[in-house]
Amino acid sequence: MLILALETSTELGSCALWRDGEVVERLCPSGRSHSETLLPLVRELLAEAGCKVGQLDAIAFGVGPGAFTGLRIACGAAQGLAVAGDIPLLPVTSLEVMAALSGGERVVAVLDARMGEVYSGHYLRSADGYQLQGEIRVSAPADVLLPSGADWLACGNAIAAYPVLQQRLALAGVAQLPGILPTAAALARLAAPRAARGAGIDAALAAPLYIRDKVAKTVAERLSEGGRA
């Protein structure tokens with residue numbers, strides 16, 4: 001089975017090719033936009049593997065939440081490639097990918113949503129990846145729901161970005177992995193068993209998972225915080 005994975009939810013953009021359990025990944029160069037570098041990396045990855053888009057069994061993409069522009073890039077690229085080859089798409093959330101990268105059994109994934117907010121989700125490991133408990137939320141660091149019970153692990157860049165969240169996690173006895181961001185390689189590994197059982201959606205149905213419906217604070221919000229209009 002051959003699966004292409006695209007992940008541009010954060011500044012750490014990447015693509016990966018999963019072939020029968022082996023994964024090769026390419027990272028988007030820092031300092032350049034993902035829109036500029038992602039597709040050239042995909043072409044390079046496929047060429048080195050000696051395969052074409054039409055040979056792919058599925059395309060997995062990071063559906064979000066994350067950076068608005070980044071989500072559109074991965075979704076748009078996945079749709080374009082899928083339509084050309086009539087290939088099913090597998091959307092996977094950035095927070096589940098982070099939970100998988102943490103390796104924990106009970107994980108709180110927290111991603112910096114910017115504008116003083118955090119995307120968060122609680123996950124339990126399952127036979128098929130990580131199952132979301134409840135819903136993905138966006139909230140202030142002081143309002144992130146903390147898990148009850150022992151043996152929870154928190155992961156994601158929001159931990160280092162917001163000291164108040166870090167302190168709350170520490171007081172709750174939650175272990176922390178602050179450096180984790182979603183990657184295409186981890187995304188591909190989550191998508192593989194789902195592709196094997198025939199999961200996937202038509203390219204026309206793919207859409208980013210924004211959670212939050214605005215990308216910048218209003219003038220009034222900035223002024224109320226002592227900023228400039």
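Which residues is Val-92 in contact with, leaving aside its neighbours within four places in sequence? To find out, let us start with the whole protein and then zoom in.

This is a predicted model, in which local features need pLDDT of at least 70 and side-chain atom pairs count only at pLDDT 80 or more, while totals for chains, interfaces and linings use all residues. Residues are numbered from 1 along each chain as its sequence is written, and side-chain values use heavy atoms, with hydrogens and water left out.

**The whole protein**

The protein has seven helices and 10 strands; helices (H or I, at least four residues) and strands (E, at least two) are DSSP runs, numbered from the N terminus. Its radius of gyration, taken over C-alpha atoms, is 18 Å, close to the 17 Å of the globule rule (2.2 Å times the number of residues to the power 0.38) for 229 residues, so the protein is as compact as a globular protein of that length. Along the principal axes, the C-alpha atoms fill a box of roughly 50 × 45 × 30 Å.

Of the 229 residues, 47% count as buried, where buried means under 20% relative accessible area, exposed over 50%, and partly exposed in between (1.4 Å probe, protein chains only). Among contacts (heavy atoms within 4.5 Å) with a separation of 6 or more, 64% come from residues 24 or more positions apart.

**Two strand pairs**

Strands pair if DSSP finds at least two bridges between them. Here are two such pairs:

β2 and β3 form a hairpin with two residues between them, and Asp-20 in the turn has a positive phi of about 50°.

**Back to Val-92**

Four of the five residues of β5 are buried, and Val-92 itself is buried, with a relative accessible area of 2%. Apart from neighbours within four places in sequence, Val-92 touches Phe-61, Gly-62, Val-63, Gly-64, Val-97, Leu-187, Leu-190 and Arg-194. His-34, by comparison, is 58 residues from Val-92 in sequence and 18 Å from Val-92 in space, C-alpha to C-alpha.
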